[in-house]
Amino acid sequence: MGLFNFFKKEKKKNTANLAKERLQILIAHEHADKSKKSPDYLPKLRDEIVQVIRKYVHVADSDVNVNVENGDDYDVLELNITLPESAK
Amino acid sequence: MSKVIVVTSGKGGVGKTTSSAAFAAGLAAKGHKTAVIDFDVGLRNLDLIMGVERRVVYDFVNVINGEATLKQALIKDKRVDNLYILPASQTRDKDALSKEGVESVINELKKEFEFIVCDSPAGIEKGAFMALYFADEAIIVTNPEVSSVRDSDRILGILQSRSKAAEDGKTVKEHLLITRYSPDRVEGGDMLGMDDIVEILSVPLIGVIPESGSVLQASNSGNPVIMDKDSEAGQAYQDVVARFLGEEVPLRFIDVEPKKGFFQKLFG
């Protein structure tokens, strides 16, 4: 029995490592969120932009990217739209 | 120059009050005049952990509202010279703590005390915010467990952005205190190790308190665990106090005690 347990123990999953990995990812993410300080209106702005573009070209939701970057004394609103091939 | 030290964590039940009581008692025992304030308005417990629950007449909120003087509200500890306790109110809510009120009490304490230890409530609401706002230094109490580590990170963020020191362009000196540590479980891969926690939070370590039955025994009897000089937890808290005062003390109780030999393990 002792011999079996000895080998079984070696195979047991190391959950502490898993905890560390999860925490590192989570905390990096939360810090990024905080430093980005995206304005609250961003999702709504994005939706409305998509609607306007769709009047002319059909784009998928995922083709429109809205991003705010914080500079030292200025913020940049970045708008990235990927047009479908057929629109050209 | 007196110092204001907040004992905080974000998460509840990790050992803030136990650590505040032990830390304050340890500082006082080393000859430093120390006051410890319970900021958990509505759910006071520091008085119970310190064994002075039957001596509470006036509290922190009474002093803020001018219903009692600070002298009337401070409870002098009967075991340790230089140690005074300012209990929280049991009947009001956390909104009773105004920034101006807390500031005036802390300023008055600064005239007489070398160290002012602020025992923070759990959470990130008003009581916790008030406890950390005036701090010069902070002890972040963390358990080796994911939710506690995450909440500690949140509290660190608040210390760095919303404390008075941060507003004045200064920094709060941070210390990490890991409690309820089990070297056996760390070695078995079931518990986050101290190095991992330090790496994740990047705050210098001031001590590691081992999981110990003596902590519960101490709270049962209303004695700060640091007074239990035979217990590992008590000794680990004494090391914390010594390190805080600038002594170099190696960490203890962080490794698995040797038990079974190889053959015993194999055939046992």
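**Exercise 1.** Which residues in helix 1 of chain B meet which residues in helix 12 of chain B?

*Solution.* The structure is a predicted model, in which local features need pLDDT of at least 70 and side-chain atom pairs count only at pLDDT 80 or more. Residues are numbered from 1 along each chain as its sequence is written, and chains are lettered from A.

Step 1. Locate the helices, which are DSSP runs of H or I with at least four residues: helix 1 of chain B covers residues 16–29 and helix 12 of chain B covers residues 232–244.

Step 2. List the contacts (heavy atoms within 4.5 Å). B:Thr18, B:Ser19, B:Ala22, B:Phe23, B:Gly26 and B:Leu27 of helix 1 meet B:Tyr237, B:Val240, B:Val241 and B:Phe244 of helix 12.

**Exercise 2.** State at what angle the axes of helix 1 and helix 12 of chain B cross.

*Solution.* Step 1. The axes, lines fitted to C-alpha atoms over the stretch in contact, with angles from 0 to 180 degrees between N-to-C directions, come within 9 Å and cross at roughly 60°.

Step 2. Helix 1 of chain B is therefore oblique to helix 12 of chain B; angles under 35 degrees count as roughly parallel, over 145 as roughly antiparallel, 65 to 115 as roughly perpendicular and the rest as oblique.

**Exercise 3.** Identify the residue whose side chain meets that of B:Lys33 in a salt bridge.

*Solution.* Step 1. A salt bridge requires a side-chain nitrogen of Lys or Arg within 4 Å of a carboxyl oxygen of Asp or Glu.

Step 2. The partner is B:Glu112, at 2.8 Å from N to O.

Step 3. B:Lys33 lies in the loop between helix 1 and strand 2 of chain B, and B:Glu112 in helix 5, 79 residues apart.

Terms used: Heavy atoms only, no water. Helix = DSSP H or I, 4+ residues; strand = E, 2+ residues; numbered from the N terminus.
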